Amino acid sequence: MVRFGWVVVCAVITVLLNAGQSPTPAAVSQQEQPVTTFHTNANLVLVDVVVRDKKKPVEGLKASDFAVLEDGTPEAITTFEEHKPTDVQESVKAPALPPHVYSDRPRYRITSAANVLLLDALNTPLKDQTYARAQMLKYLHTIPAGTEIAVFTLASRLRIVSGFTTNTEAIEQALNLKHTPTQKSLMTDPAGDQAEKAAEQGMAAEIPEMLAEIRDFQQDRRVFQREQRVDITLAAFGQLARFLSTIPGRKNLIWVSGGLPIALDPDMSHMSAEDVVLYAPALRVIHAELARARVAVYPVDARAMMTLTDSNVANVLAPTQSGLLADTGAARAEGVENDITTPQEWGESQIAMDEVAHDTGGAAFYNTNTVGKAVEEAITEGENYYTLGYAPHEARYDGAYHRIAVRLDEGKFNLEYRRGYYAVDPARPDKNLPASFSPITSAMLRGVPPLSQLIYEVRVLPAGDEALDGLKPSPGTAGTPPEPLKAPVTRYVVDYSIDPHGLALNELPDGRKQAEIEVTQAVYDAAAKRVNFSDAGLEVTLTAAQMTRDMRDGLRIRQEIDMPAGNLYFRVGVEDKRSGRIGTVEIPLRQEVASRQ
């Protein structure tokens, strides 16, 4: 069994590792190189381009056929690749781990692009969730062999229900209502709207003077729900971008949803002043993360699965000088208002879908009767593409949005590609984000996608295990439980070995290197309720000798945490505070393990 020498961390402290510390076996093997994570930024910009001719992919183009402009200035293409569905990318195979040792090292095997299906219950009326799911299950019976798909759901938070797999039975099981049930959305449903109107009318008849107060209350509730929807959805997009950032190549995010009340657009000039204040920092960061992770969004409007032929929003929205004006009477006559509060909001959400698809290099699908067909088209389009790379003539981290234009010298083809990027320094995370968008906070929620931006191994053992060589637990409570833990309580010792290659190290005047790390632990019960938590901020300073050793063996940290009886989920996270890179692992601990002494 591997034995480690560890630095004990029980609070927010500064750690200086002793250069005379005896050497220990490597937790990150010298022969096992860490998985390479490629982060695009202002120094090298990668643009994935889908080229179609009458909805069919165009193959065989060369770099000389393309021209790239940034902010209107031509750029020289320095890298060029063509990708097809037959391409296969595979991660470095993870080494066999000893008992009770876990790693956040990514594992995947995908074709030219990774396909992610996001079923959005948060923003979709209940009846449309059911229809869209049925269409997806029907599509699975015709899915091309070898197609890799991962399935996520979004409700109160993002959940992964199936990792990347070609096993259609596993995907079908993930889509089964028993495992991922439909649920009431924060989007206003028709029944709720009618009930509110009936209540207003009844109250107005009995107490006319209270009608204004009732309507104000209803409006406050709708505004609060809208803000919740936007906050949760933006956080989910950020989580998906970080999850997918460790997988090379293009990622197709197929978003089956009823849409958002705001556009996920880097050009915020069309947004209200209030929305700009509320969401501009988050939109900026999320667009940057989607761009770095090379994620193309393919929105599929679940509400548009209508039997009415005239339900197309274009039939009931008339253009005006100020934009789109909804003819509410015509909309009601055509039956469009049966899924959302107003046809104006329907139109705005479809425009928002178009914008996020356009800006990220995807395509939007709505006013179609078949979700499965839309998903099939999205996968086909997204797996045939070209990658163009260029170094901007003015490479700088100015935080500004830089627009990209791609042109073909010959042929009248349809091109889909991301339209720009924020030139933000990936080693300096945005400090202006509100707390609700904290990456580490959302990454530590039970069941959210694991992250592998920072690679490490972690050993989890109950105190008293022989591998700990008689280590005595620290006195007092380990962690900050919100209420007393259910007996019997077991102390666990958690040993980390962090790969320093993923850390943004600061060089001090005396030549030493310094890292800022946050190590977080959360214990959840079977109902996903957090029962214990600990968090330690570390400033680690390393001499040249220590740096050489830790680059070979891993940076070693020890923590302790108390766990109650029962079936538990133990989630651990490590964040590099300078770069914002995060790694998380979630470990199921069954009752017999949790109560072992």
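User: How many bridges join strand S21 to strand S22?

Analyst: In general, the strands of a sheet pair through backbone hydrogen bonds, and the pairing is either parallel or antiparallel. In this model, which is predicted, seven bridges join strand S21, residues 456–462, to strand S22, residues 490–498, and these two strands run antiparallel.

User: In what order do the four strands form the open sheet, and which are the edge strands?

Analyst: The open sheet is formed in the order S8-S21-S22-S26, with antiparallel pairing. Strand S8 (101–103) and strand S26 (555–563) are the edge strands, since each of them pairs on one side only. If direction is ignored, neighbouring strands of this sheet are turned by 25° against each other on average.

User: Are Phe80 and Tyr386 buried or exposed?

Analyst: Phe80 is partly exposed, with a relative accessible area of 26%, whereas Tyr386 is buried, with a relative accessible area of 1%. The assignment follows from the cut-offs, because buried means under 20% relative accessible area and exposed means over 50%, with partly exposed in between. Ring pairs also link Phe66, Phe80 and Tyr386 into a cluster.

User: What kind of aromatic pair do Phe152 and Phe243 form?

Analyst: Phe152 and Phe243 form an edge-to-face pair, at 5.5 Å centre to centre and with 70° between the planes. Phe152 lies in strand S11 (residues 149–154) and Phe243 in helix H4, so the pair ties together parts that are 91 residues apart in sequence. Both Phe152 and Phe243 are buried.

User: Rings can also face a charge. Where does the charged end of Arg419 sit?

Analyst: The charged end of Arg419 sits over the ring of Tyr417, 3.8 Å from its centre. Elsewhere, Arg250 lies over the face of Tyr385, at 5.6 Å from the ring centre.

User: Is Arg242 buried or exposed, and what does its side chain make a polar contact with?

Analyst: Arg242, which lies in helix H4 (residues 211–244), counts as buried at 7% relative accessibility. The side chain of Arg242 makes a polar contact with the side chain of Glu289, at 3.0 Å. Leaving aside residues up to four places away in sequence, Arg242 touches Ala235, Glu289, Pro439, Ser442, Leu451 and Gln453. The C-alpha atoms of Arg242 and Ala293 are separated by 7.1 Å, although these residues are 51 residues apart along the chain.

User: Finally, which residues does Gly389 touch?

Analyst: Gly389 has its place in strand S17 and counts as buried at 0% relative accessibility. Residues up to four places away in sequence not being counted, Gly389 touches Leu44, Val45, Leu46, Ala76, Ile77, Thr78 and Thr79. The C-alpha atoms of Gly389 and Leu46 are separated by 4.4 Å, while the two residues are 343 residues apart along the chain.

How values were computed:
Residues numbered from 1 in each chain as written. Predicted model: local features only at pLDDT ≥ 70, side-chain atom pairs only at ≥ 80, totals over all residues. Heavy atoms only, no water. Pairing = 2+ DSSP bridges. Axes fitted to C-alpha atoms, helices over the stretch in contact; angles between N-to-C directions. Buried < 20%, exposed > 50% of the residue type's maximum accessible area, 1.4 Å probe, protein only. Contact = heavy atoms within 4.5 Å. Polar contact = N/O pair within 3.5 Å; in protein donor to acceptor, adjacent residues only side chain to side chain. Phe/Tyr/Trp six-rings, centres within 6.5 Å; stacked < 30°, edge-to-face > 60°. Lys NZ or Arg CZ within 6 Å of the ring centre and 35° of its normal.
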